[in-house]
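The following explanation is intended for a reader who meets this structure for the first time.

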Amino acid sequence: MNFDDTPQEAKFRSEVRSWIAANAPKELESELKEASLGRIKLKSGDVLQLSKEWQKKKAKGGWACLQWPKEYGGRGSTPIERVIWQQEEGIYNKLGAPFLIGQGMCGPVLMTYANDDVKKRYLPPLASGDEIWCQLFSEPSAGSDVAGLRTRAEKDGNDWIVNGQKIWTSGAHYSDYGLLVVRTDPNVPKHQGLSMFFLDMKSPGVEIRPIKQASGASEFNEVYFTNVRIPDKQRLGNVGEGWNVALTTLMNERYAIGSGVATGFPEIFDYCNSLMTEDGPAIDDRAVRSKLATWATRTSGLKYTTYRTISALSRGERPGPENSIGKLVAGSMLQEIATFALDLQGAAGVLVDNDQKEVAGQFQKMVLSSPSSRIAGGTDEVMRNIIAERVLGLPGDIRVDKDVPFNKIPTKGRA
Amino acid sequence: MNFDFSDDQKQLRDQARRFLAEKCTSKAVRQVLEGKDTYDRSLWKGLAELGFLGVAIPEEFGGSGAGHLELCVIAEELGRVVAPVPFASSIYLAAEAIMLAGTDAQKRKYLPGLASGEKIGTLALFEGKGKLSPAAIKAQVANGAVSGTKTPVPDGEIADFAIVVARSGNSGRESDIALYIVDLTGKGVERRSLQSIDPTHNQAEIKFNGAPAELLGRADEGWSNLTRVLDRAAVLVAFEQVGGAERALEMGRDYALDRMAFGRPIGSFQAVKHILADMYVSATLARSNAYYAAWALSTNSSELAEAAAAARISATQAFQHCSKQNIQVHGGMGFTWEFDCHLYYRRSNALALGLGSMSYWEDQLIDRMRTRNTEAA
């Protein structure tokens, strides 16, 4: 049991380290360090522009999309090499956010389902950050039950005409292309009537509107489709097999291994360590200690679970759905921590007023934004189902809509 | 990075699991549970014969000198089967204390007996209810003899000798506290077994009345040596707790697959699935924390103290959570004497207290994290 690199890994790490030392945008270092929670903003300039510059530099140096084949702009690296890169890239990783969905989810789908021409045209600019992709899956009436989506595509000659609405699309407003799953046949059971396409986000009939979230911020979009024309050659996989293509994307959520999720623990520990109460430092309080200790061990537990996953990668094994615990544990912890921090502030915890807010209002922001961490990318309940079914081997739920044609599935709750 | 046990260590695990599946059945555990004996003597003998007692004891003192990672592997397997033997008292506490603080002569005198299982040791620390702290230690040594009452002492009725935590002077300071080795079969020792929530481990009250006491370690370092012993034992007990937690999860999972209600296996209901998923989460976090502590223990890392406290808290919570929810998944059947669920529930609640209650370990963890933070700043 050790944390050491193999000689091969150590050699790779030192190569990465020296390239990053010579090339990373050090002028952004301190700002990126502070940008710990939520969508980042930088005083030094436009985040998207700075992100594209860093991605471009990485691509030129051969450090973009490491695990992709070289011919598509990658490096042909092993999974463990990608983890090493991620560890060494450190805070500059945050600049990769705009490309995460395109490179992590859309890219692998193109790799599996697109023909050679499409791959050669679209993958290299996706890797270099010149073109950004988004994913158009969720709909207002298709969240956890994403296969229940209602956006329609109808064949018209060599094209398809798309009408409907997508929601929760990160980065739709700055994306060049989108991966879109639609219903091509409503007369068959829901999983069998779907097809996958990609489209130019500037196509006529595509309208993008920001969603105002419960927190007041706008980080996601709704995308409306009105008679949007997509050529059949932009179809990925066979007609009616869109669900299988979508699963390829969802499986690649494992992309996030090793990147670490926000738990709020470092923030609450520092806060309790510095906060003075009338009874002395908050961290000396019995009740505070008890909570901190539990959160500390959940945080370290996640960290070392990741180390175990990395060890499995290093041995050449493929990690499985065990990794869904990260999001499940971190999401609710973030919310608990935020609520507790406000309680420590007493009645003044309610304030976000510029003059009177505590530690720049970071915990107030956390309270308001944390509900999304238990929903986005799979709700806590979906994550528990995944663990129960795919790790523990429990039977799937009984699906009342399984063999019913999509257009016969009831859509109203209380009549 | 290879943050995992080696192939050899996994082989040892398989060997231990096979042996325990045969020797440490529910029936065997219940012999002790129901008071037929204070511990499972034939299992103890078997563990000794396989060399499991001495894996972390150096060869020159009668062990095999394999190491602490091997001991962690064995601890996990013992935890899985709620083994009714004084392994923790004799090996994690007594042997570790002697290896840590003993002179060469003391190691030669005591360790071979512990490694062969012919002698059983324990730690006589607590003096009634309340939080573990130096102020709670009242037992006194004068002229080489100890007096005072220790309760509860784990395996106190079974042990041949105890490491006794007592005061060498009467300044009232922490530096008065020292560790002593006391022969429990000799004069000035009166002991009686106590009833507990987990009868598969013996608990006893021991009254010392001028019992001859042999100093272990420096007289003014008793408390710091004690905390170091407790840290080491916490890592090993954490592996027992992880083993117990995972076994409870497996029992719940198996039952949910077999038990039918409303015309379907109860494991197909999300309300049941989510209970089991949460058990998996807590057991996984505990296992990962325990691995880190095992690494720290086996390398004598400066991070051991913090890692041990984290492992202790995580594993205690996980075992209590899993054993409790295992009963819930079983429903009424889980609350019968006949089903084994209560063996794990009892053990989880007993192990949660044996090395000091949660508040002691929370203090250890937070104080150590704070020190590290200050040093880093």
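Within chain B, domain 1 and domain 3 bury about 2300 Å² between them, and carbon and sulfur atoms account for 65% of that area. The model under discussion is a predicted one. The division of chain B to which these names refer comprises domain 1 (7-119), domain 2 (122-220) and domain 3 (223-376). The centres of domain 1 and domain 3 of chain B, taken over C-alpha atoms, are separated by 21 Å. To their contact, domain 1 of chain B contributes 25 residues and domain 3 of chain B contributes 31 residues.

Polar features also cross this boundary. Four salt bridges are counted between domain 1 and domain 3 of chain B. A salt bridge also links Arg80(B) with Glu250(B), whose closest N and O atoms are 3.0 Å apart. Residue pairs in polar contact, both members having pLDDT 80 or more, number 13 across the interface of domain 1 and domain 3 of chain B. On the side of domain 1 of chain B that touches domain 3 of chain B, the elements giving two or more residues are helix H2 (26-33), helix H4 (68-80) and helix H5 (87-101) of chain B. Of these, H4(B) gives the most, with nine residues. By residue class, this side of domain 1 of chain B consists of 17 nonpolar, three polar and five charged residues.

Chain A has its own division, into domain 1 (17-128), domain 2 (133-240) and domain 3 (257-378). The C-alpha centres of domain 1 and domain 2 of chain A lie 25 Å apart. Here the contact takes 15 residues from domain 1 of chain A and eleven residues from domain 2 of chain A. The two domains of chain A bury about 1400 Å² between them, and carbon and sulfur atoms give 68% of this area.

What does the count of salt bridges show across the interface of domain 1 and domain 2 of chain A? The rule finds zero salt bridges there. Polar contact between domain 1 and domain 2 of chain A amounts to one residue pair, with both residues at pLDDT 80 or more. Helix H5 (100-113) and helix H6 (116-128) of chain A each supply at least two residues of the side of domain 1 of chain A that touches domain 2 of chain A. The largest share of that side comes from H5(A), which provides seven residues. The residues on this side of domain 1 of chain A divide into twelve nonpolar, one polar and two charged.

The explanation now turns to the contact between the chains. Chain B brings 45 residues to this contact and chain A brings 51 residues. Between chain B and chain A an area of about 4400 Å² is buried, of which carbon and sulfur atoms give 62%. Nine salt bridges are found across the interface of chain B and chain A. Asp363(B) and Arg286(A) also meet through their side chains in a salt bridge, with a distance of 3.1 Å from N to O.

Which elements of chain B give two or more residues to the side that touches chain A? They are helix H7 (222-258), strand S9 (264-265), helix H8 (270-298), helix H9 (304-330) and helix H11 (358-376) of chain B. H8(B) gives the most to this side, with 17 residues. The residues of the side of chain B that touches chain A comprise 22 nonpolar, twelve polar and eleven charged.

In chain A, strand S2 (residues 152-156) and strand S3 (residues 159-170) run antiparallel and are joined by five bridges. Ala153(A) stands opposite Val162(A) in S3(A). The hairpin of S2(A) and S3(A) has two residues between the strands, and Gly157(A) takes a positive phi near 65° in this hairpin. Val359(A) also has a positive phi, of about 30°, although Val359(A) is not a glycine. Val359(A) is placed in the loop between helix H10 (325-344) and helix H11 (362-369) of chain A. In chain B, a cis peptide bond joins Thr151(B) and Pro152(B), with omega about -10°. Pro152(B) lies in strand S3 (residues 145-154) of chain B.

Key. Residues numbered from 1 in each chain as written. Chains lettered and ligands numbered in written order. Predicted model: local features only at pLDDT ≥ 70, side-chain atom pairs only at ≥ 80, totals over all residues. Heavy atoms only, no water. Contact = heavy atoms within 4.5 Å. Buried area = accessible area lost by both parts, 1.4 Å probe. Helix = DSSP H or I, 4+ residues; strand = E, 2+ residues; numbered from the N terminus. Nonpolar A, V, L, I, M, F, W, Y, C, P; charged D, E, K, R; others polar. Domains from an automatic or database assignment. Polar contact = N/O pair within 3.5 Å; in protein donor to acceptor, adjacent residues only side chain to side chain. Pairing = 2+ DSSP bridges.
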